Amino acid sequence: MSDTRLRDDLMPAAAEAIVTGRHSDPFSILGMHPSEDGSRLYVRTFAPHAEAVSLVDTKGKTVAAMDKTHPDGLFAVVLDKAKPFEYRLKLRSGAHEWTADDPYRFDAVLGELDVYLMAEGRHRKLYERLGSHPTTVNGVEGVYFGVWAPNAKRVSVVGDFNGWDGRRHVMRLRAEVGVWEIFIPGISRGLYYKYEIIGAHGNVLPLKMDPLAFATEVPPDTSSVVHGLVEHDWTDGAWISTRAGANDRSAPISIYEVHLGSWRRGDGNTYLGYDALADELIPYVKSLGFTHVELLPISEHPFSGSWGYQPIGLYAPTSRFGTPEGFARFVDRAHREGIGVIIDWVPAHFPTDQHGLGQFDGTALYEHSDPREGFHKDWNTLIYNLGRNEVANFLEANGLFWIDRYHVDGLRVDAVASMLYRDYSRGDDWVPNRYGGRENLESIDFLRSLNERVAEVGEGAMMAAEESTAFPQVSRPVKDGGLGFNFKWNMGWMHDTLHYMQEEPIHRRWHHDAITFGLHYAYSEDFILPLSHDEVVHGKGSMLGKMPGDRWQKFANLRAYYAFMWSHPGKKLLFMGGEFAQEREWNHDQSLDWHLLVDPLHKGVQDLIRDLNTLYKTTSALHERDCDPDGFEWIDASDNMSSVYCYVRYAADRSPVVVVLNFTPVVRYNYRVGFPHGGKWREAMNTDSSVYGGSNVGNAGAIDVQEHAFHGRQFSAELTLPPLGALIFVPH
């Protein structure tokens, strides 16, 4: 038993700092500490929720009653013992008595290598050390918390488990790296928590969610949830082993872009969960022949109206649709069905919500301090300071996290253009780089590093850039001076061709080059042709709504345009609803208009997309050389008066496909077109087929190509071109 005549000699100022939650190093005070001469042990605990506290050994035997040395709940005892030992605390409040482990008796958790890598900004698996992790330390179950806040005066974990009292679980600062950590015994998965931070200037900040939270409350609530890394028994080994081939530049890649919250809704306009989406969305995507599904950002975000493009919880799949394990099951199901999963990923900006990353430790920690560098006027969001190693590490580790822990097959990186240029959408209000130029050198270095790392460890995962400028070599290897992406969205193709399609057919002759111009640069990058969500919002109308003419002509125009897209060099991406010609503009707050499929015209467009995907995947000439100039050749691009285009696509073995487009509502009989060789050719696609809702004008399913020189070729055939129609011919 202790000698109760010995009294604690803690200085009053230190005691006051503990009970007011202002002590920056409570581990030096609380817990068990030997005296300077090594003859005694001081044990202190702060328990404002208890009336009495006793020290007990691990078998529950009382060692000593602790004295209440401060009326606000500081307890202490001095023991005539030299050797520290494991102990527990027995606490009493009224008639309630319980035993608990003292978080301040546990040593630091971060190892030397972790600290070294964090300090270097090279901890590729940062998510294994920061965030909240249910774990066992010295045989005791609890949760480890770690958070980077180098300029904070004090950081505490608060939650239901401590009455949201920031004085109770003040963390240990690892000063050499600016990380605060604590192991809290006796708590477990599922608890809500945040960080209470006293900032660099001494003020208590709004409660902050964990930047590396792996789960969160359902918005609009904003607490982080103790979860740890996702636990799932993956069954997709066969898919992962072949993923590199499925994502290759020579593979047929046809992407269905989806906003999970509005693809389909449940009863009462409720969200479908990850499991319901796996049951309904994945078979649908497969049935239409798409090879990949791309999800608008699923990282946790406070405002649904941002569609996920203003994320705060970068390491947490949004809880709107269920648990992290639910999202893992969704990905696994997709892989079992042979569907790749790409996620939109947003390293370009983050929102200013007070519970988020902005002014995280009372300073501009994640963002630039100068608003000319750190604030997006267009989006009213903050910009990551990628010149700071720890911030670049946070984002790079996040990109790798989704590939590593959730097996996603690629990242579509949002708003790359805004990252590459310091003067992006700023007029004259910008800060030059160190050489006086406009390029954002730090962002360029970050993107190159990320893409190299994904190429190294991502097992064939795809990196795609949404980049709308003429920045060179976006999709070229870093070793060759490029940014290292696998693909770049072809925004120029999308803008030009949609502009053309919106013209009345009688006027298209004056805009003929809008269709042909994209081939001048089609191989400057490895492109994805995107008809994305951005084209069906903000008053732009639906894809069908963009088309001119009466109702029949609108559908015919859209069918012909889709066939042009699927036969044009480049991988394909189509936003949900476009596959059945949704009539109204996309609304993120409600389901797509699935009832339209009772109309044969809408069903016809859906059937067309299915058949285009099948033709694209099964016809090497339509995909093998999507990114190779040897895979395309104009037959005739000069007939602007008829608005007719003819071209040939080639496979690696030079097997050809001929495409003929008629973008006027006039049937053109006996229209002669040059062909690569003679013989029987099958009309593999006719968008005017009655199957798709067309008028059934065509060539009876096949043609004979004869030796008759035309279009500079030895062989040719006379065709019947359907109105506002596309024809695709393959050799018999």
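This is a predicted model: local features need pLDDT of at least 70, side-chain atom pairs count only at pLDDT 80 or more; totals for chains, interfaces and linings use all residues.
The strands 16-17-20-23-24-25-26-27 form a closed barrel of 8 strands with parallel pairing. From one strand to the next, the twist averages 25°. One of the pairings joins strand 23 (residues 410-413) to strand 24 (residues 462-465), in the parallel sense and over 4 bridges. Within this pairing, Leu411 has Met463 of strand 24 as its bridge partner. Strand 24 is also one boundary of a loop whose other boundary is helix 9 (441-457), and Glu459 lies in that loop. Although Glu459 is not a glycine, its phi is positive, at about 50°.

On the side of helix 4, the contact is formed by Tyr274, Asp275, Leu277, Ala278, Asp279, Leu281, Ile282 and Pro283, which meet Gly326, Phe327, Arg329, Phe330, Arg333 and Ala334 of helix 5. Classified by residue type, the contact between helix 4 and helix 5 comprises 9 nonpolar, 1 polar and 4 charged residues.

A further helix pair is formed by helix 13 (residues 551-567) and helix 14 (residues 600-618), whose axes come within 10 Å and cross at roughly 10°. Helix 13 and helix 14 are therefore roughly parallel to each other. Helix 13 contributes Arg551, Phe555, Arg559, Tyr562, Ala563 and Trp566 to the contact, while helix 14 contributes Leu601, His602, Val605, Leu608, Ile609, Leu612, Asn613 and Tyr616. By class, 10 nonpolar, 2 polar and 2 charged residues make up the contact of helix 13 with helix 14.

Antiparallel pairing is found between strand 5 (residues 67-70) and strand 6 (residues 74-79), over 3 bridges. In this pairing, Asp67 stands opposite Ala76 of strand 6. The two strands form a hairpin with 3 residues between them, and Gly73 in the turn has a positive phi of about 120°.

Across the whole structure, 48 aromatic pairs are found. Among them is the pair of Tyr315 and Phe394, with ring centres 5.7 Å apart and planes at 55°, so this pair is tilted. Tyr315 belongs to strand 19 (residues 313-317) and Phe394 to helix 7 (residues 389-405), so the pair ties together parts that are 79 residues apart in sequence.

A cis peptide bond is present between Pro219 and Pro220, with omega of about 15°. Pro220 is located in the loop between strand 14 (192-198) and strand 15 (224-225).

Notes: Residues are numbered from 1 along each chain as its sequence is written. Side-chain values use heavy atoms; hydrogens and water are left out. Contact means heavy atoms within 4.5 Å. Ala, Val, Leu, Ile, Met, Phe, Trp, Tyr, Cys and Pro count as nonpolar, Asp, Glu, Lys and Arg as charged, and the others, Gly among them, as polar. Two strands pair if DSSP finds at least two bridges between them. Axes are lines fitted to C-alpha atoms, for helices over the stretch in contact, and angles run from 0 to 180 degrees between N-to-C directions. Rings of Phe, Tyr and Trp (its six-membered ring) pair if their centres lie within 6.5 Å; planes under 30 degrees apart count as stacked, over 60 as edge-to-face and the rest as tilted. Angles under 35 degrees count as roughly parallel, over 145 as roughly antiparallel, 65 to 115 as roughly perpendicular and the rest as oblique.
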